[in-house]
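Subject: Structure for you to look at

Hi,

Here is the structure I promised, with its sequence. Please open it first, then read my notes below.

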Amino acid sequence: MEFPKTTIAAVIIGIAIIGGIAYEHYLSSQKPIIVLATTTSVYDSGMLDYLIPKFENKHHAEVHVISVGTGQAIEIGRRGDADIVLVHSKNLELSFVNSTYGIHRIGVFYNDFIIVGPASDPAGIKNLTNSTEAFRRICERGFRGDATFVSRADKSGTNMFELKIWSMLGITPSNKTYAWYIEAGTGMGSVLRISNEKGSYTLTDRSTWLSFKRQLKDMDILVQDDKILTNPYAIILVNPEKYPNRNYKGALALAKFMISNEGQELIANYKKNGEMLFKPLARKIELARELGFPDQSNELAWYDKQKP
Amino acid sequence: MMCEKMFENTFLEEILNITLLSLKVSGTAVLIGAIIGIPIGTALGFGWFKGKMMLTRIIDLTLKSIVNTFMGLPPVVVGLVVYLLLTTSGPLGPLGLLYTPTAMIITQLIMAVPIVTGVTMSAIGSVEKTVRERALSLGATDRQAAWTVLREARTGILTAVIVAFGAAISEVGGIMIAGGNIRWVTRTLTTAIVVETNLGNFDLAITLGIILLSIAFIINLALTIIQFRGQKR
Amino acid sequence: MLTIEVQKLSKTYSGRQVLKDIDFKVQSGEVFVLVGPNGAGKTTLLRILDLLEEPTEGRILFNETPVDYSAKDKVALRRRIGMLFQQTKLFDMSVSDNIAYGLKVRGEDKVTIEGKVRETLKLVQLQGYERKNALTLSGGEAQRVSLAQALVTEPELLLLDEPTANLDPRNISIIEEVLTNINREKRTTIIMATHNMFQAENLAHRVAMINNGKIEGVGTFQEIFGRPSEPVKNFVKFENVFSGLSTAFTEGTSIIDIGDRLKIEAAFKKSGYVMIHIPPEDIILSSQPIVSSARNMFEGRITQILETESAVKLKVKVGESKNFTVQVTKKSFKDLQLSIGTRIFLVFKASSVQII
């Protein structure tokens with residue numbers, strides 16, 4: 001009986017494709033790859049798409065960006081699935097460093113959180129400079145059924161920060177017990193759009209807000225310029241002693257690039273609608289100390305000392 | 001003017017890159033899935049494991065149950081399992097495959113194999129007895145009869161492959177976890193739609209959605225034509 | 001040519017005995033016809049003769065040699081046998097390729113195959129059908145292709161399972177003609193199962209009556225049906241066979257006047273004198289007149305009740321002298337509370353009326 005020629009052809013094509021992919025994989029692995037785990041709030045701003053190609057050209061490397069919540073980004077680093085993390089949640093960062101999986105935490109840039117909500121402002125928080133008081137009013141109005149609040153509920157830096165404010169008020173909000181508290185479980189952009197649809201309040205970082213502003217017709221910035229709303233981002237390297245196969249050298253190069261004068265300047269120049277999204281922090285020792293980086297000067301010295 | 005031009009180019013280039021990657025990942029997964037799934041489905045369809053012995057029967061039943069369970073496997077669960085296998089501290093960590101197209105191919109392969117196996121199994125099962133007996137009775141050897149059954153089940157087997165490809169190309173949860181959705185590297189049509197929607201880039205999301213729909217439409221068109229031919233005969 | 005001998009053959013399927021102690025011998029060149037009701041075991045017997053199944057007990061001898069069921073011998077032996085199933089299953093390929101299949105698996109060369117296929121197509125009167133896909137054919141054409149598939153390899157023994165069931169008269173007569181010819185010219189031994197009594201009478205050298213898995217009589221048609229034994233008379237002889245003048249209508253139906261002022265509507269189109277048959281299992285019984293799509297309904301009186309192992313057969317007298325045989329399940333027999341003398345309605349579809 002004849003062996004169908006098409007079957008043989010299909011098998012040959014199959015082997016060729018697999019071989020091709022394997023070869024391509026081999027080729028692409030010639031360029032060193034740096035895996036950066038970061039937060040959606042940084043990624044969604046588009047800043048990395050502007051910054052990283054400049055680094056890649058200079059260092060002949062390829063940066064793969066995994067964009068998730070801060071909690072997951074740190075977990076990815078802890079498991080050794082990334083070389084470097086760029087996140088914003090002080091407590092999670094410190095426990096990552098304390099566990100010795102992460103090393104050389106350094107503040108790199110900052111922006112600030114803002115409370116946004118419907119222009120009609122049913123909770124009456126407009127122009128407050130005390131974010132805790134604003135949260136209290138939203139909660140109070142929420143119980144009366146006049147206001148709702150959308151939470152990221154994804155263990156992201158923004159979410160952790162939001163929960164910190166609630167805990168200062170002695171509240172542990174949850175969708176289950178409070179009808180006014182909506183746990184979205186999604187990224188910042190989605191949460192902003194949900195808030196816009198529902199006429200809810202939410203806490204956001206300024207950069208994402210600026211990126212989405214045009215789509216959020218019914219919303220306004222209601223609370224800003226509260227000192228505690230400052231939102232600093234940190235770089236942490238994955239400990240090469242834990243994962244010797246990771247690209248530690250690449251991670252170091254990327255970190256050095258971002259905290260270098262050139263990198264800091266590039267960050268400051270990244271603007272949307274004429275507004276600066278992230279402000280340089282790495283070389284402002286005093287400000288960094290205030291924002292929770294007591295070792296900033298030591299770390300900066302350490303990074304500057306490392307050979308590129 | 002120059003700037004706009006450049007933007008246009010990268011925009012198209014990225015869409016092309018995303019589309020090709022989707023086709024490559026799903027195509028490879030389904031191709032390997034077919035190479036694995038068709039023989040297993042054939043063996044199960046022919047009842048080669050269905051001996052008189054208790055053990056072979058248990059193997060047959062177990063395999064069939066596994067196939068049926070895995071046919072409805074939630075992609076995100078597969079993605080999670082692949083992630084846990086490939087993560088640096090996981091059992092296959094040293095291969096360094098996490099967040100690569102290979103990881104996505106593995107994820108979709110795990111979903112494609114049961115689909116190809118299951119559909120092949122039922123396609124062969126439905127013609128196996130009558131065709132085999134007719135072939136034997138016309139003087140075929142067992143091997144010739146088996147080839148004839150395969151030949152008669154070809155429409156069903158082709159359907160199996162197309163169905164698996166359709167499932168793979170429209171899958172999102174699994175490859176998001178295993179592939180990491182890295183721009184230019186592991187971003188496919190479906191994961192790009194998720195990300196662009198989150199970013200509020202609805203123009204790009206819709207463009208990608210239309211491409212995905214077109215691919216799905218072509219797949220279904222092919223399937224309908226094949227089935228129509230089958231009916232006409 | 002082949003002589004076939006079946007000795008003490010029994011077949012049991014998971015405890016159910018389908019064939020019991022079958023014994024017969026078929027001479028080379030003989031046409032041996034198996035008659036009997038549905039479920040009598042005819043198909044199983046033919047499948048065993050085609051080596052598709054093994055007997056539970058007993059043995060088969062081809063040319064005095066007992067069958068060896070090792071795979072190699074089975075193929076070699078099967079290649080001397082042609083079989084035509086009741087349910088035709090053609091392959092999804094052209095008519096030519098279907099017919100060539102048996103030759104291809106035997107490794108014949110292209111030229112031989114082409115010649116033989118052409119010859120066989122002519123035999124079954126399907127010239128010009130070579131390139132058609134076999135699955136597009138009508139039932140009658142498909143059955144003729146099936147017959148050609150079996151004949152192209154010039155088998156020494158031809159097994160036929162109800163080869164003309166549900167076919168129209170033209171296809172029946174083509175198939176019968178082919179069978180007569182190859183038996184006469186090539187001395188092919190034929191073992192055939194049929195419902196059709198006229199076919200049995202026309203073709204058979206000898207007839208075997210099978211009922212409930214047992215042979216209840218072997219002999220010439222005259223010997224079996226001329227002086228029938230009791231069971232033969234009860235089960236087979238001319239059940240629901242009527243004749244009369246048929247008038248065809250444009251809608252594709254015919255009305256047959258079978259006398260006694262009884263008119264039967266049939267789903268074929270034929271005028272003139274015809275003989276028809278209604279399968280007993282196609283008739284529905286009802287204690288009251290019922291409205292249904294079935295075109296035929298007659299009132300009658302039960303004259304005879306015969307319980308068999310699996311079903312109940314009733315003789316129902318309609319009009320002055322027409323006897324219908326009806327087969328019902330034991331359960332519905334009980335449910336309808338039937339007894340001799342009960343008045344009852346017979347209902348059957350026009351499409352159940354077969355021309356013979």
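Start where chain A meets chain B. This is a predicted model, so treat it as one. Chain A puts 21 residues into the contact, and chain B puts in 19 residues. On the chain A side, three elements each supply at least two residues: α1 (5-28), β2 (62-68) and α8 (188-198). Which of them gives the most? It is α1(A), with five residues. By type, the chain A side splits into nine nonpolar, eight polar and four charged residues.

Next, the cores. The largest nonpolar core has 215 residues. Some residues have the most contacts inside this core; among them are A:Leu36, A:Ile84, A:Leu254, B:Val116 and C:Val33. Helix α4 (residues 101-137) of chain B brings the largest share, 19 residues. A second, separate core has 19 residues, including C:Ile258 and C:Val328.

Zoom in on A:Leu254. Which residues does A:Leu254 touch, if we skip those up to four places away in sequence? They are A:Ile34, A:Leu36, A:Phe55, A:Val63 and A:Ile84.

Now chain C as a whole. Chain C has 10 helices and 20 strands. Along the principal axes, the C-alpha atoms of chain C fill a box of roughly 65 × 50 × 35 Å. Of the 356 residues in chain C, 39% are buried. Take the contacts in chain C between residues at least 6 apart in sequence: 68% of them join residues at least 24 apart.

Is α3(C) mostly covered or mostly uncovered? It is mostly covered, with nine of its 11 residues buried. Among the buried ones are C:Ser96, C:Ala100, C:Leu103 and C:Val105. The buried residues of α3(C) pack against α5 (142-152) of chain B, and also against α4 (110-123) and α5 of chain C. Just after α3(C) comes C:Gly107, with a positive phi of about 75°.

Two packed helices are described by the angle between their axes and the distance between the axes. The crossing is right-handed. From α3(C), the contact uses C:Val95, C:Asn98, C:Ile99, C:Tyr101 and C:Gly102. From α5(C), the contact uses C:Val145, C:Ala148 and C:Gln149. These residues divide into five nonpolar, three polar and no charged.

Last, a residue in chain B. Where is B:Arg187 found? B:Arg187 is in the loop between α7 (173-179) and α8 (189-199) of chain B. Why does B:Arg187 count as buried? Because 24 other C-beta atoms lie within 10 Å, and 20 or more is the cut-off for buried. Leaving aside neighbours within four places in sequence, B:Arg187 is in contact with B:Ile18, B:Asn181, B:Ile182 and B:Ala192. B:Arg187 and B:Ser214 are 27 residues apart in sequence, and their C-alpha atoms are 18 Å apart in space.

Best wishes

Key. Residues numbered from 1 in each chain as written. Chains lettered and ligands numbered in written order. Predicted model: local features only at pLDDT ≥ 70, side-chain atom pairs only at ≥ 80, totals over all residues. Core = buried A, V, L, I, M, F, W, Y, C linked by C-beta atoms within 7 Å. Buried ≥ 20, exposed ≤ 12 C-beta atoms within 10 Å, placed from the backbone. Helix = DSSP H or I, 4+ residues; strand = E, 2+ residues; numbered from the N terminus. Contact = placed C-beta atoms within 7 Å. Left-handed = near helix turned anticlockwise from the far one by under 90°. Nonpolar A, V, L, I, M, F, W, Y, C, P; charged D, E, K, R; others polar.
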